[in-house]
Amino acid sequence: MIEMLAASLGVNANDPTFWMPLVFMGLLVLLIAAGIVLDGFDLGVGMLLPLAPADERGRMMTLLSPWRDANEFWPLLGIGLFASAFPLAWGVVFGKLYGPLALMALGLVLRSVSFEFRIRARAELKPRWVLGFWLGSVATAFGQGMILGRIATGYQTAAGYGWFAVLMGLCAVAAYVLLGAAWLVMRVDGELQRRAARWARHSIRWTAVGMVAVSVMLGLANAGIFYKWSNPGGLVVAVLVWVLMLLCFSSAELRLARVPGRGEQHSWLPFVLCVVLYLLMLAGLAYSLFPYLILDDMTLWDGTASIASMRLVLAGAVIGVPVVLIFNLLAYRSVFGKERRAA
Amino acid sequence: MDIVPLLLARIQFTASLSFLALFMALALALSWLLLFFKLRAHRTGLPGWTAAYRFWVRFFALSFVLSLAAALPVLIQLGSLWPGLMDKIGNVAGPLIGFGVLSVFILKSCFLGVMLFGQRRVSARVHTLAVFMVAMGQAATLFWVLALQSWVQTPAGATLIDARYQVYDWHAVIFNPSLAWNLGLMALWSALAAAFLILGVTALQALRRRLDDGERCAFKTALVVAVAAALLQMPVLDGAGRVMAEHQPAKAAAAAGYWHSGTAPGWVLFGWPDAKAQANRAALALPGVGGEWLGRDPQGVYQGLDKFSGMQPPVPLTFWALRVVLLLGAAMLLVSCLTLALTARRGLDPSLLPPWWLRVIVATLYAGGLAVLAGGVFSLAGMQPYAVNATITQSEVLGTASTAVLGASLAGYLILYATLVAAFNGMLFHAARYGVVPVRKPGGSPQ
């Protein structure tokens, strides 16, 4: 397949101008996946704060703190890599996403500052920073959902598409709430776990609505993507993915309905199922768009800088990737399982 | 063409970049001062240096958090406010942005955790090494940011081919003509911002109670740094002015309020540059001064703003931003030198200063920070209407976001920035009064 792709572009597969963009794209997808999953549960817990009793809010934020340093870096790394690896596509894509991106930027700033300032604030001001963290999380999730909505509609600007982006914003809020709640179900026990299971069951429906809506919209609004999935080979994969997604949703729902209960040793299951779901969706989106950055308009290879600039960025990535890997393996090795209360 | 979106975009970008610059400057200088405190603590074994470290590391941490968070809007706005820009300068800007993000990532993930939360878990030597690496990382990040910011002011090492910059010499791109001066200015202003913050807070404490050893150590260090940086400002500003005159004559003319080419230069101390009348109103000028800071054409004739009609930067803003920088610089020089003179015989101890002088020092608490802000405004406003000096205008790379969306997001950013500055300020004054309580990140990263 790689050879075919290279041949269709009229270059040798060993030509750096061919494979470097692919490497960057792979890294970018990994960063986005990490951002969705790892920053995602963080976002979800942030959005659940006002629903929890006031005395549990501090605990919920404390639960996040071991991974906070790692979590908050994914958006910056992703945007940095996008900017440096695909500078020619960067402005074109970002220019179409001004509003949602501004909302996300505001949210991310508020989130990261609120978290750190809360730790250092005096006791009577801490609730304000909890509120800030909540507000920032909602804005970030909503902004990201709107971005997804705009991408799925191929950046078309007719009025209906705007409302679709708003709907996707709401669904993204639900999806992150689900992820955060599922993470809490795995992480804590007792009353908070029971509450988390209830929140998760409320949000799972809206998550499913969002996923179906985005898949349908991708196919309907973009002829190229519809064609890609509707040939016989694509159809088989599509059906398999749909069955898998349905299975994930239903078993997550079933498991959540039984919390707390005998299934205590499987309390990690809903979280893992959600992760599988979101990764499937990301993979589907990436497959639908590939090899385009902007559908039918700009491919990966159109979006890159000159070969000399790419070499420099690659050199940076060669230094950066091991650091990212080692740091994150250390940071996330304990992300699963119950909180340790002794400390 | 509707001018409002362009104006809103300019305000938004300037606000975000200034916010970033302010806290990056504070974090940079505080990290080096903290390294100095640590080294003194090792060398002398006096508890005062450790106390000074403990207190000021809090404000380093807060500044770092704010600067890290502020980097994201700047980056996002660079892409979404000016979508056409990266298309043209991507070959240059891509790697520079990448290296900047990489520097801050490595500094944060590898060393910051050890510095802020690992003091008990590692040996004193390793901890000091972590502080050193954080300070180096701050400097490296600033270097890449300024490399890009300087390159758009004085582009070098790349040529415009088919409306796109192609690099032929990376060394020339990075070490472009204005980089050294901009680095110098930013280093000095960040030193001044941190030093005056420390001086002001310590003076505030001295007004209320007896100072302890830690506060005296911090004051002493900050005073020496403030005097040195305030003095060094002058040659660096002069050098930066000459480079500006050579490469950005329009900005130089706006800074000087010099309208008509070929007239005798005179450095306008005060006055109101009137763009309609193309003249200065109520001007008080030093005749014959300032020619070296004005651009000349090949015949050696001074270039006035009339040479750039239609392409002038906003003259009053540029003119006054520079005056504010210079006034603040002069005030800081005066305050720091007089404080040095008043305390020189008493080992730089502020306790014996008269209360009214302490109040003067408190009043200059944010003078250095304001200089960073005004300097940023000067540098950005003076570039207009260009996004890359003399080749790419801002209006040709402006995005399509509507006035309403731009206005709403600008309001959002301004409210957010104001809230965060107020929170920082509140924590500073609270800590000045009651001290800081060390914090721990429960289950903090395992470094």
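Helix axes are taken here as lines fitted to C-alpha atoms over the stretch in contact, with angles running from 0 to 180 degrees between N-to-C directions. In this predicted model, the axes of α1(B) (residues 4-44) and α13(B) come within 10 Å of one another and cross at roughly 20°. Because angles under 35 degrees count as roughly parallel, α1(B) is roughly parallel to α13(B). The crossing of these two helices is left-handed.

It is worth looking at who takes part in this helix pair. On the α1(B) side, the contact is made by V4(B), P5(B), L8(B), A9(B), I11(B), Q12(B), A15(B), S16(B) and F19(B). From α13(B) come T403(B), L406(B), G407(B), L410(B), Y413(B), L414(B) and Y417(B). Sorted by class, the contact has twelve nonpolar and four polar residues, and no charged ones.

Turning to the partner chain, 56 residues of chain B are in contact with 50 residues of chain A. The largest share, 20 residues, comes from α3(B). This side of chain B divides into 35 nonpolar, 18 polar and three charged residues.

Chain B also contains a β-hairpin. Strands β3(B) (residues 266-274) and β4(B) (residues 279-287) run antiparallel and are joined by seven bridges. One pairing links G266(B) to P287(B), its bridge partner in β4(B). Four residues lie between the strands, and in this hairpin Q278(B) takes a positive phi near 55°.

Key:
Residues numbered from 1 in each chain as written. Chains lettered and ligands numbered in written order. Predicted model: local features only at pLDDT ≥ 70, side-chain atom pairs only at ≥ 80, totals over all residues. Pairing = 2+ DSSP bridges. Contact = placed C-beta atoms within 7 Å. Nonpolar A, V, L, I, M, F, W, Y, C, P; charged D, E, K, R; others polar. Parallel < 35°, antiparallel > 145°, perpendicular 65-115°, else oblique. Left-handed = near helix turned anticlockwise from the far one by under 90°.
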